[in-house]
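Please keep the sequence and the model in view while reading.

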Amino acid sequence: MSEKETFWLGIDCGGTYLKAGLYDAKGHEHGINRQSLQTASPLPGYAERDMHQLWQQCVTTIAGLLARTGVCGDQIKGVGISAQGKGLFLLDKQDKPLGNAILSSDRRAMDIVQRWQQDGIPEQLYPVTRQTLWTGHPASLLRWVKENQPQRYAQIGCVMMGHDYLRWCLTGVKGCEESNISESNLYNMTTGQYDPRLTQWLGISEIDNALPPIVGSAEICGEITAQTAAITGLAAGTPVVGGLFDVVSTALCAGIEDEYTLNAVMGTWAVTSGIAHGLRDHEAHPYVYGRYVNDGQYIVHEASPTSSGNLEWFTAQWGELSFTEINQAVASLPKAGSDLFFLPFLYGSNAGLEMTSGFYGMQAIHTRAHLLQAIYEGVVFSHMTHLNRMRERFTQAHTLRVTGGPAHSDIWMQMLADVSGLRIELPQIEETGCFGAALAARVGTGVYSNFSDAQRSLEHPVRTLLPDAAAQASYQRKYRQYLDLITALQGYHARIKEHE
């Protein structure tokens, strides 16, 4: 490797891992380093992260990557960050982390969201924000802090999300990146600015002055500080761009650019996205919109934390199996041949706030393989909730591009093809978060004039799976039964409420 060779650094801060990747000017991966992240759950429904520890892990991940690859800090020409959306990262008035960060999977604000729903607040917000209300939104969590930790609330000096916090640690410059803050319920989707009416309606107007400037995904909004350089090995003065909401990063890497192809992300969250060229009114569903990286474009998506995190939890509790062993177990059974169902709602639901996870139909004949198959099926069925709604919006879509851990399983992906009836395409990009973040850095530092040019330069291979018509009939029957079970349980929760 020549010492004159240049690289761009992409950092990806997800739900379970922090990763850093180096990419050359053509986008070729030069190395990846990763560390697992800890999520604290001090009380049921809580999901927190130690902000000091997160920064230290970011430092060691970057330093380890440079050491492993032999790349010097001054060879890196730009840095970008991709991260989970929503959640809440607070600094106090002295610019110190204000308690633990609260993650997007946190559910402590459930009562507040339910109260807002009863008061019609979501209907008031939606025309302005194009967001539904969720427990993990910054707005919901800020209201919870105000009501339950008033002393902490009074100390808020800056409101951020995950990549905003890491960018501040790297550069000492505050900002909220647009693709992420646009989905916070603090942002007016039409004007592209904060809207003080929103915080007023939500009862949190005290934080208006704690909202930092909005920055673009490829906008250079700071440089690596001397202090950061000393502990990471990066060079002081290296430009850092705004970065990306990880759903946007994945859509970029998947090559989504028209209304014929949708993108499904399968991780902790189940996300189905499409790219639109404008806002629409009076749609069939309250679709979530966010600012996309190209002017005039929006990312439209449906999402819930109902995906492969359920499998990770199961294998952690009942025996660590390799992914290969799991796939072999599922493949050993007839497709849709079991009466066992799994509701993948360990971390949240897309069928009502009260819904929780569980197996139904279990009998003594069922083995661990049946449980694993039911989890695969339940995750796919849950994805279908979002995919079906998105196909009402994107009526010409005929292809689904899938990224995330399950995309490495042909068994799981064939199941998705069979249930959905869609052509499944699997872009062969291992780390979409790191790659997308580095892509933003390359746009920001002038390698490309814009993201469209950058996207056209992508040359990653794509594998394709086609639906099996014979299996589709069996899966459709079981999918209808899954929906009937959901309906029955919704009725159960409604009756429980009546008797409270």
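Contact here means heavy atoms within 4.5 Å, and the helices (H or I, at least four residues) and strands (E, at least two) are DSSP runs numbered from the N terminus. The model is predicted, so that local features need pLDDT of at least 70 and side-chain atom pairs count only at pLDDT 80 or more, whereas totals for chains, interfaces and linings use all residues. Residues are numbered from 1 along each chain as its sequence is written, and side-chain values use heavy atoms, with hydrogens and water left out.

**Helix pairs**

- The axes of α2 (residues 110-118) and α4 (residues 138-148) come within 9 Å and cross at roughly 110°, where axes are lines fitted to C-alpha atoms, for helices over the stretch in contact, and angles run from 0 to 180 degrees between N-to-C directions.
- That angle makes α2 roughly perpendicular to α4, a term used for 65 to 115 degrees, while angles under 35 count as roughly parallel, over 145 as roughly antiparallel and the rest as oblique.
- In this pair, I112, V113, R115 and W116 of α2 meet A139, S140, R143, W144 and E147 of α4.
- The residues of the contact of α2 with α4 divide into five nonpolar, one polar and three charged, where Ala, Val, Leu, Ile, Met, Phe, Trp, Tyr, Cys and Pro count as nonpolar, Asp, Glu, Lys and Arg as charged, and the others, Gly among them, as polar.
- Helix α13 (residues 368-393) and helix α17 (residues 469-498) have axes that come within 11 Å and cross at roughly 80°, and the two helices are therefore roughly perpendicular to each other.
- On the α13 side the contact is made by E377, G378, F381, S382, M384, T385 and N388, and on the α17 side by Y475, K478, Y479 and Y482; by class, this contact of α13 with α17 has five nonpolar, four polar and two charged residues.

**Loop residues**

- Q297 lies in the loop between β18 (288-291) and β19 (298-304), and Q297 is buried, with a relative accessible area of 11% (buried means under 20%, exposed over 50%, partly exposed in between, with a 1.4 Å probe and protein chains only).
- Not counting residues up to four places away in sequence, Q297 touches E257, I275, A276, H277, R291 and Y292.
- L211, in the loop between α8 (196-202) and β12 (214-215), is buried with a relative accessible area of 14%, and L211 touches V159, L186 and Y194, not counting residues up to four places away in sequence.
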